[in-house]
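Biologist: Please walk me through this model. I want to know what stands behind each term you use.

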Amino acid sequence: MPIKNLNTILIKPTSWGCNLRCDYCFYLEKEEYYPGTLPEHRMSEETLEELVKQAYERNDPPLFAWQGGEPTMMGLPFFRRALELQRHYAEGRPVQNTIQTNGILIDEEWANFLRINKFLVGLSLDGKKTIHDAHRQDASGEGSWLKVQKAARLLMRKKVDVNALATVNAESVHKPEETYRFLKALGFTFMQFIPIVETDPEDTSKATNWSVDPEDYGRFLCRIFDLWVKDIDMEQLKAKISIRYFDSLLHTYLGKTPSDCTMVPECGVYLVVEHNGDVFPCDFFVKPELKLGNIHSGNLRTMLNSKKQTNFGRMKYDMVDECRTCPWLNQCHGGCLKDRYRDPRDKGRSHFCLSTKIFLEYADTKLQKLANLYRKYY
């Protein structure tokens with residue numbers, strides 16, 4: 001079996017700690033595993049240094065992907081120290097960082113820091129105010145849109161490399177044009193649409209009422225696709241707007257590995273490191289029974305190539321029979337593992353199986369033509 005390279009480390013420096021209380025946040029429930037107030041689950045400098053040191057043990061250093069909770073709650077001194085340690089252990093090798101943020105704490109000092117140090121920023125912004133504030137509120141129930149769109153404008157003005165991460169829920173799924181055009185008008189050239197499905201905590205036999213209906217999401221993708229295709233410069237064969245799902249799909253048509261991990265045959269291509277150094281195979285599966293170890297007593301690359309991680313990755317092959325004969329298997333591979341379990345009514349089939357079929361039956365011909373053009377000119 002080939003040794004897997006550690007390409008990405010997804011880091012949770014504040015664990016589940018966040019200054020928002022979004023309805024559909026799956027990570028807030030990790031308080032069950034890491035209880036206590038926020039200061040009790042902040043990453044220590046000792047853990048930070050051990051993490052960075054292990055990351056640079058080999059000549060193929062990974063991408064540091066800072067997430068939460070809300071990672072900016074660690075403060076700028078923490079991230080300045082992280083960069084100092086990265087540059088020390090890198091010894092001239094690349095230093096790559098990305099951060100996913102709700103934007104609440106982003107100010108000029110943060111924006112300057114992110115630009116100077118070439119962070120790729122993923123900003124959680126669902127669309128217009130009514131769409132965003134419906135589910136993305138703080139602990140007092142106040143919407144966050146005004147602060148987030150202000151952060152977006154600041155980051156763009158400072159020329160920070162910033163992407164829009166837009167979740168799609170039961171309401172916003174009916175507003176594809178409105179959402180796409182709003183994000184485009186704001187200045188985003190990279191968008192990621194993330195459909196929501198979560199188990200209803202009050203009735204665990206079904207998904208929440210704000211989870212996305214699969215048929216609705218299929219139609220949403222079709223409309224977004226049409227808007228995206230219109231924005232492709234066919235003379236230079238360059239998309240003016242990059243949408244991760246479509247970009248990854250094109251890679252599958254070209255026989256290349258997609259960047260979206262949900263489209264590959266096996267899971268387990270990155271590692272999650274919690275605030276205290278605990279290591280897990282995926283942030284959707286931060287569970288005690290799936291814990292791979294801790295960086296203070298183990299090694300990241302050893303854990304990545306461990307039997308436990310391998311077995312987790314192969315869980316993706318355990319798909320329903322319908323998937324094995326599906327004409328879109330190469331584009332889907334059964335979808336994300338977590339989407340098979342969040343709505344128990346799906347019975348092990350991806351919640352977005354119908355979405356994928358609707359969309360690919362609609363877009364296949366155009367995707368094939370685009371792939372052929374890329375082969376011809378590149």
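Modeller: Axes first: they are lines fitted to C-alpha atoms, for helices over the stretch in contact, and angles run from 0 to 180 degrees between N-to-C directions. Helices (H or I, at least four residues) and strands (E, at least two) are DSSP runs, numbered from the N terminus. This is a predicted model: local features need pLDDT of at least 70, side-chain atom pairs count only at pLDDT 80 or more, and totals for chains, interfaces and linings use all residues. Residues are numbered from 1 along each chain as its sequence is written, and side-chain values use heavy atoms, with hydrogens and water left out.

Biologist: What describes the crossing of helix α8 and helix α13?

Modeller: Two packed helices are described by the angle between their axes and the distance between the axes. For α8 (residues 244-253) and α13 (residues 353-377), the axes come within 9 Å and cross at roughly 65°.

Biologist: What makes up the contact of α8 with α13, by residue class?

Modeller: Ala, Val, Leu, Ile, Met, Phe, Trp, Tyr, Cys and Pro count as nonpolar, Asp, Glu, Lys and Arg as charged, and the others, Gly among them, as polar. The contact divides into 11 nonpolar, two polar and two charged residues.

Biologist: How do you know that β3 and β4 pair?

Modeller: Two strands pair if DSSP finds at least two bridges between them. Four bridges join β3 (residues 97-101) to β4 (residues 120-124), so they pair, and they run parallel. In β4, Leu-123 is the bridge partner of Thr-101.

Biologist: Which other strands run parallel to a partner?

Modeller: Among them are β1 (residues 8-11) and β2 (residues 63-66), joined by four bridges. Leu-10 stands opposite Ala-65 in β2. Three bridges join β2 to β3, where Ile-99 is the bridge partner of Trp-66. β4 and β5 pair over five bridges, also in the parallel sense. Five bridges join β5 to β6, and Leu-165 stands opposite Gln-192 in β6.

Biologist: What is the strand order of the open sheet?

Modeller: Its 10 strands have the order β9-β6-β5-β4-β3-β2-β1-β10-β11-β12, with mixed pairing. β9 (242-243) and β12 (293-294) stand at the edges with a single partner strand each, so one side of each lacks a neighbour in the sheet. Helix α7 (residues 214-230) packs on the sheet, touching β5 (161-168), β6 (190-195) and β9.

Biologist: What makes a nonpolar core?

Modeller: It is a set of buried Ala, Val, Leu, Ile, Met, Phe, Trp, Tyr and Cys residues joined through side-chain atoms within 4.5 Å. The largest has 94 residues, and Trp-66, Leu-114, Phe-193, Trp-228 and Phe-359 have the most contacts inside it. α7 gives the most to this core, with nine residues. A second, separate core of 16 residues includes Tyr-34 and Tyr-270.

Conventions. Contact = heavy atoms within 4.5 Å. Buried < 20%, exposed > 50% of the residue type's maximum accessible area, 1.4 Å probe, protein only.
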